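Good morning, and thank you for making time for this presentation. Please have the sequence and the model in view while I speak.

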Amino acid sequence: MSALNRLNALKNLSTRQVLYLRNVLFVLALLPLARLVLFVFLDRLGANPIEFITRNTGDWALYFLTITLAVTPLRRLTGWNWLVRLRRMLGLYAFFYVFLHFTIFFWLDHFFDFQEMWKDIVKRPFITVGMLAFALLIPLAITSTNAMVRRLGGKRWQWLHRLTYVIVPLGVLHFWWVKAGKNLLAQPILFTTIVAALLLMRILSQKNRQQLAQLFSRRDAGAGAGTDLVKESK
Amino acid sequence: MLIKIRPDQIDIPLASEITPQEVFASRRAFIAKMAAGAIAGGGMGLIGSGNAFAQSATARKLAAKLNSSYAVMDKPTAYQDATTYNNYYEFGTDKSDPAKTAGTLKTNPWTVSIEGEVKKPFTLDLDALTKLAPLEERIYRLRCVEGWSMVIPWIGYSLSALIKKADPTGNAKYIEFVTLADKKQMPGLSDPILQWPYTEGLRMDEANHPLTLLTLGMYGEVLPNQNGAPVRVVVPWKYGFKSAKSIVKIRFLKEQPKTAWNMYAAREYGFYSNVNPEVDHPRWSQATERRIGEDGFFARKRKTLMFNGYNDVAGLYTGMDLKKYF
């Protein structure tokens, strides 16, 4: 079988195959956390464990945000439409690692001193944008269930979830400012490039968007379009 | 001296103080072999600190008498932490990098040249430096600008002894430390993160303050490479980056020298950089700090002390606005 054929064969996975993939991904996405927990017990977090955990959860938050943003462009490039059925879980994992990252900050750095934390948020731009990205992620996590999609209606749901296009750049900016203080810009530049490319691919696929617009108008006419949109939209 | 060692740590750095030299040396050799084996077997990832052990395996003992008037009561940081968590960009930007890569640093032969506003410039080799004044052990707090701290038993003598020997002219108002920048020995130099060589400086009265330590060792041994071997300064009331490592040149100057981090970001890293809980770094508060290896996982950070607790130096800054001259 040629490479192209193999690629095409992956276009049509059965529901069972997709579910299987999703389960595998579910476990894989937990590994970074498992590693951290294991390191706590093995005393492998180094001299400054809290710094290690803060950075590590932040890194993984950024990885998952970027991966989530890559789903649609990747789907368009490969024609693997089932990829979109992994997207919600990836997005929720992004939220999960951002939440851990925030919790470490609020708990081990500020010991739930809300006033101190607020002072930090207002005073320091890199924390401001990080916190803003976290705050914007909350409504997306809340509205990630099928029931919420139905309640909002597909179109409104989709508009809300376009916040992702703001959230991920905010996350990259947060990362950039953290690293800029020590002049370590190689990684921030890499993430900026990747995220910019992923956003650009959306803008450039004008043609696709027009096609999608037609698709939406057809779908919206039908009943119970919402659930389908979670799987098929964008 | 009391050093808390976690039960899982197999190395006992202070064995030098209680073990006969030969036994101590053979134990070191054994550890070196173990570490080398771990590296050869690709087990580095599991051992993690293998190189740090290898480093200390070659370390020479350095005899010094504890000067109790310069010893804080805080518990010294574990040797393992102090030698594996280092900011030394010439050997990589990750704090675990220097312990892994600083093995390439050649510390012998080594000379320090004394230049600038002195009656007569000269150079000192390591032997001459070591014998210039009686070596003392001093236990100092070390506060990093990043918000963490350690307690290190350094070995050296007051920089003032060297300054006296240098015999600076009346024009000398500042002192500049120029550190080694050799691409062959320092892999981090290929990144233009800072302007190499890394330079630091002090006002003459700061340099002459008895607390300012010309440092040749720590934990009873010569300095490990990742900690700034073979000679560095330690200025305990200032943020750690002021304490230049691996010094090759000491210059006496009329004007305030340009310093590495200040040149990179003057707004964030001032020339003085005295530890000051009331002057925040633009990106974080300096009011508190985390003591490495001691404060438990869920412990609140401890309050940072003015001048890192070294109030003796307050007189150096009488009448100065320390918010302006941060």
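Predicted model: local features only at pLDDT ≥ 70, side-chain atom pairs only at ≥ 80, totals over all residues.

Let me begin with a definition: two residues are in contact if their C-beta atoms, placed from the backbone, lie within 7 Å. By that criterion, 15 residues of chain A are in contact with 19 residues of chain B. On the chain B side, the residues that touch chain A comprise eight nonpolar, five polar and six charged.

I turn now to chain A. Its secondary structure consists of 12 helices and zero strands. Of the 234 residues in chain A, buried residues make up 26%. Among contacts in chain A between residues at least 6 apart in sequence, 69% link residues at least 24 apart.

Two helix pairs in chain A deserve attention. In one of them, helix α3, residues 49-78 of chain A, packs with helix α4, residues 84-109 of chain A, at an angle of about 160°, and their axes are 8 Å apart. Angles over 145 degrees count as roughly antiparallel, so α3(A) is roughly antiparallel to α4(A). The crossing of α3(A) past α4(A) is left-handed. The residues of this contact between α3(A) and α4(A) divide into 19 nonpolar, six polar and two charged.

The other pair joins α4(A) with helix α2, residues 15-42 of chain A; here the angle is about 15° and the axes are 10 Å apart. That angle makes α2(A) roughly parallel to α4(A). This time the crossing, of α2(A) past α4(A), is right-handed. Which residues meet here in α2(A) and α4(A)? From α2(A) come V18(A), L21(A), R22(A), L25(A), F26(A) and A29(A), and from α4(A) come R85(A), L86(A), M89(A) and Y93(A). By class, the contact of α2(A) with α4(A) has eight nonpolar, no polar and two charged residues.

Let us move to chain B. This chain has 10 helices and 13 strands. Of its 326 residues, 45% count as buried. Among contacts in chain B between residues at least 6 apart in sequence, 69% join residues at least 24 apart.

In soluble globular proteins, nonpolar side chains tend to be buried together. The largest nonpolar core in this model has 67 residues, and those touching the most other members are V112(B), I152(B), W154(B), L159(B), L214(B), V233(B) and I247(B). Strand β5, residues 148-158 of chain B, gives the largest share of this core, with seven residues. Apart from this core lies another, of 33 residues, including V98(A), V129(A), A133(A) and L198(A).

With neighbours within four places in sequence left aside, I247(B) is in contact with V112(B), F177(B), T179(B), V231(B), R232(B) and V233(B).

Is T215(B) buried or exposed? A residue is buried if 20 or more other C-beta atoms lie within 10 Å of its own. T215(B) has 27 other C-beta atoms within 10 Å, and is therefore buried. Beyond its neighbours within four places in sequence, T215(B) is in contact with W154(B), I155(B), G156(B), L223(B), V231(B), R232(B), V233(B) and V234(B). The C-alpha atom of T215(B) is separated by 9.6 Å from that of E137(B), a residue 78 residues away along the chain.

Note on methods
Residues numbered from 1 in each chain as written. Chains lettered and ligands numbered in written order. Nonpolar A, V, L, I, M, F, W, Y, C, P; charged D, E, K, R; others polar. Axes fitted to C-alpha atoms, helices over the stretch in contact; angles between N-to-C directions. Helix = DSSP H or I, 4+ residues; strand = E, 2+ residues; numbered from the N terminus. Parallel < 35°, antiparallel > 145°, perpendicular 65-115°, else oblique. Left-handed = near helix turned anticlockwise from the far one by under 90°. Core = buried A, V, L, I, M, F, W, Y, C linked by C-beta atoms within 7 Å. Buried ≥ 20, exposed ≤ 12 C-beta atoms within 10 Å, placed from the backbone.
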